[in-house]
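Good morning, and thank you for the time on the agenda. I shall take one model and go through its contacts, its core, its sheet and a few individual residues.

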Amino acid sequence: MVFGQDKSSRSWISLICVLLLHCIEETTCNTHCSRPLSRIVRNQLTEHFYSVFQDRNHEPHSKCPLHASRDLYRIQEGNKTQEYAAKWVCHFCGKAFFSEHHLDVHFDNKHSDKLVKGSTVCLADFCDIFRCDVFEVQRKDYFWEKKLCKEDKLMVRKRRCEALMRSCLPQGNLSVGEEFEILETIGSNTCSLLNCKDYWKRPHNDISAWKIVLYAVVSPFFCMGLIVYYYAIWDYYYGDYPLDTKRSREEEESFSTFGNYRSTPSHLRKRYGERPLMY
Ligand SMILES: [Zn+2]
C-alpha cells in the first residue's frame, strides 16, 4: 500500500515536472527574442549597414553577430509579403492575415521549424545600440529624456558599438584607409549618434527616385489644372459677356412677374452682373 502511494506520488511529481519544463520551454521560445524590436534593428541594418558592404563588393565578417545569415528570423522574414495595407501573406502555406502581428503569431505557431538553425543571434539584443526606443515610439518631444540623459552611460554604449562594428570588418586584406572609411560610414548612423545631443535624432527618409519623377511629372499638370479651374470660375461670374439686351429684358420681366428678381438682393445682382440668377 505504502509502495503504491509512493509510486503514484512519484508519477504525479514527474508529470508536474514535465509540464513545468514544457511551459518554461514554450515561454522562452515565444518571448526570448522580440520580433518587433528585431525588425527595427533589421531595418536599420538593411538601410545603413549591409548596403555599405554591398556598395564596396564586400561582406561583413562571417563571425560578425550582425551578419544577415545569423539573424534568427531571417528565413521567416524572407517569406512574408505585404500585398496591401491589410493583407500580409505567409509564403510557406499561402495564408493571408490582416496584420503583420498576426502573421508573426502564425509563424510562431505553425512554422517554428523555419527559424535559422543553430543561431543564437537575436537582433533585439542590440536595441541599446540601434536606439529601438527612439524608433518604437514616434514622438517629437523628448524633453525629460534629454534633461536626464547621462553622457557617460552613452559613451559606454558607443565603445561597445565601435567594437561591434570593428568585429564586422570584412575578411581579407583591406587597407587602413578602406577600413577607416567603412567604419566611418556604418558608424555614422549608429555609434556616432550615441551621445546626449544626437540620441533622439531620426534619420532622414530619402524619397525614392520614382517618387521624385512622379512628382515632377504630375505637379505641373496639377498646377495648370488649378489655374484653369479658377480662371473658369472667375470668367463665369466676372467675365465681360456681351448681353443680349432684348433677351435679358424679357427675362427680367418674367422674373419680376413671379417676384423672384425683385427679391434678389442688390449685392448679388451686382456680383453676378446683369445676368439673372438661375435657381
Ligand atoms: Zn504559413
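Predicted model: local features only at pLDDT ≥ 70, side-chain atom pairs only at ≥ 80, totals over all residues.

Let me begin with Phe130. Leaving out residues up to four places away in sequence, Phe130 touches Ile40, Val41, Gln44 and Thr190, where a contact is a pair of C-beta atoms, placed from the backbone, within 7 Å.

Residues are numbered from 1 along each chain as its sequence is written. The pLDDT, which is the predictor's confidence in each residue on a scale from 0 to 100, averages 79 over the chain, and 70% of the residues score at least 70. Over residues 17-30 the pLDDT stays under 50, and the model has 2 contacts beyond four places in sequence for that stretch.

Now the overall composition. The chain has 13 helices and 3 strands; these are DSSP runs numbered from the N terminus, with helices (H or I) of at least four residues and strands (E) of at least two. Of the 279 residues, 14% count as buried. A residue is buried if 20 or more other C-beta atoms, placed from the backbone, lie within 10 Å of its own, exposed if 12 or fewer, and partly exposed in between. Among contacts with a separation of 6 or more, 68% join residues 24 or more positions apart.

Which residues touch the most other members of the largest nonpolar core? They are Val41, Leu123 and Phe130, in a core of 27 residues. Such a core is a set of buried Ala, Val, Leu, Ile, Met, Phe, Trp, Tyr and Cys residues joined through C-beta atoms within 7 Å. Two or more residues come from each of H2, H5, helix H8 (151-166) and helix H9 (176-187). H2 gives the most, with 7 residues. As general background, nonpolar side chains tend to be buried together in soluble globular proteins.

I turn to the sheet. The 3 strands form an open sheet in the order E1-E2-E3, with antiparallel pairing; two strands pair if DSSP finds at least two bridges between them. The edges are strand E1 (80-84) and strand E3 (96-97), each of which pairs on one side only. Helix H4 (residues 100-110) packs on this sheet and touches E1, E2 and E3, with its direction at about 20° to that of E2. That angle is taken between N-to-C directions, on a range from 0 to 180 degrees, with axes fitted to C-alpha atoms and, for helices, over the stretch in contact.

E1 and E2 pair over 4 bridges and form a hairpin with 2 residues between them. Strand E2 (residues 87-90) pairs with E3 over 2 bridges. Val89 of E2 stands opposite Thr81, and its bridge partner in E3 is Ala96. The hairpin of E2 and E3 has 5 residues between the strands, and there Gly94 takes a positive phi near 85°.

An unreviewed UniProt entry annotates residues 88-116 as "domain: C2H2-type". UniProt positions are given in the numbering used here, feature names are shortened, and annotations may be inferred rather than shown by experiment. In the model, that span is 38% helix and 17% strand, and its end C-alpha atoms lie 21 Å apart.

Two backbone details deserve attention. Most residues other than glycine have a negative phi. Asn57, however, has a positive phi near 55°, and lies in the loop between helix H2 (35-55) and helix H3 (74-77). Arg131 also has a positive phi, of about 55°, in the loop between helix H5 (127-130) and helix H6 (132-136). Is each buried or exposed? Asn57 is exposed because 7 other C-beta atoms lie within 10 Å, whereas Arg131 is buried because it has 22.

Finally, Lys146 is found in helix H7 (residues 143-147). Lys146 counts as exposed because it has 12 C-beta neighbours inside 10 Å. Beyond four places in sequence, Lys146 is in contact with Cys196 and Trp200. Its C-alpha lies 8.8 Å from that of Tyr199, 53 residues away in sequence.
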